[in-house]
Structure formats: structure tokens, C-alpha cells
Amino acid sequence: MTEGNAASESPVSLESLATLGEGHIAYVKQIRSEDVPGLFPQAPHIAPGLKLFALHAADGTPIMLTDSREAAIANAWSHELQAVSVH
């Protein structure tokens, strides 16, 4: 895309981005155990300093928490979701 084309194209709305991939795509994100209470309030206390992986729906809703990326991807597949990684 060139600079001239950017002005003539309509921007994607936040609402459209929020529903992109809904029901088909989930994302895996590495998090710290300190972030768990904010994402998974129902989770038991987890020791600080651990590297964990969260699986989120396309709209950002947390689905599951695990200690391995592979387990998060397997869970996505078991729910017929395409998993993508977020860095």
C-alpha cells in the first residue's frame, strides 16, 4: 500500500477487529504467573516468577491456562480452533 492509497481506503473499525476470527481462531500468549489473577480470577494462587501460557478466544476472552505452549495449542485444536501465537 502506498501513502496515496491509505487515504482512499476505509479503516477497519475496532468492532470489526474484535470479531475477526470469532469462533475459529484463538491465540496463545506467554504470560507471567503474576498476570494470572487479572486474566483468570477464579484460578488458585500461583507462585510468582513462573512462565505460563494462556489460550484466548479471538475477542480476547481467556479460555485456559497451562504451563506449556503445546498444551494450549492442543486445547485449541480440541475445540476446533486454529491457534496462533502472540508475541
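This is a predicted model: local features need pLDDT of at least 70, side-chain atom pairs count only at pLDDT 80 or more; totals for chains, interfaces and linings use all residues.
Strands pair if DSSP finds at least two bridges between them; helices (H or I, at least four residues) and strands (E, at least two) are DSSP runs, numbered from the N terminus. Strand 2 and strand 3 are antiparallel, with 4 bridges, and Ala54 is opposite Leu65 in strand 3.

Axes are lines fitted to C-alpha atoms, for helices over the stretch in contact (heavy atoms within 4.5 Å), and angles run from 0 to 180 degrees between N-to-C directions.

A nonpolar core is a set of buried Ala, Val, Leu, Ile, Met, Phe, Trp, Tyr and Cys residues joined through side-chain atoms within 4.5 Å; buried means under 20% relative accessible area with a 1.4 Å probe, protein chains only.

| Core | Size | Residues |
|---|---|---|
| Largest nonpolar core | 9 residues | Ala26, Val28, Phe53, Leu55, Met64, Ala72, Ala76, Leu81 and Ala83 |
| Another core, apart from it | 5 residues | among them Val36, Phe40, Leu52 and Ala54 |

Strand 1 (25-32), strand 2 (51-57) and helix 4 (69-78) each give two or more residues to the largest core. Leaving aside residues up to four places away in sequence, Ala72 touches Val28, Leu55, Met64 and Thr66.

Residues are numbered from 1 along each chain as its sequence is written, and side-chain values use heavy atoms, without hydrogens and water. Local features need pLDDT of at least 70 and side-chain atom pairs count only at pLDDT 80 or more, while totals for chains, interfaces and linings use all residues.

Methods
Buried means under 20% relative accessible area, exposed over 50%, partly exposed in between (1.4 Å probe, protein chains only).
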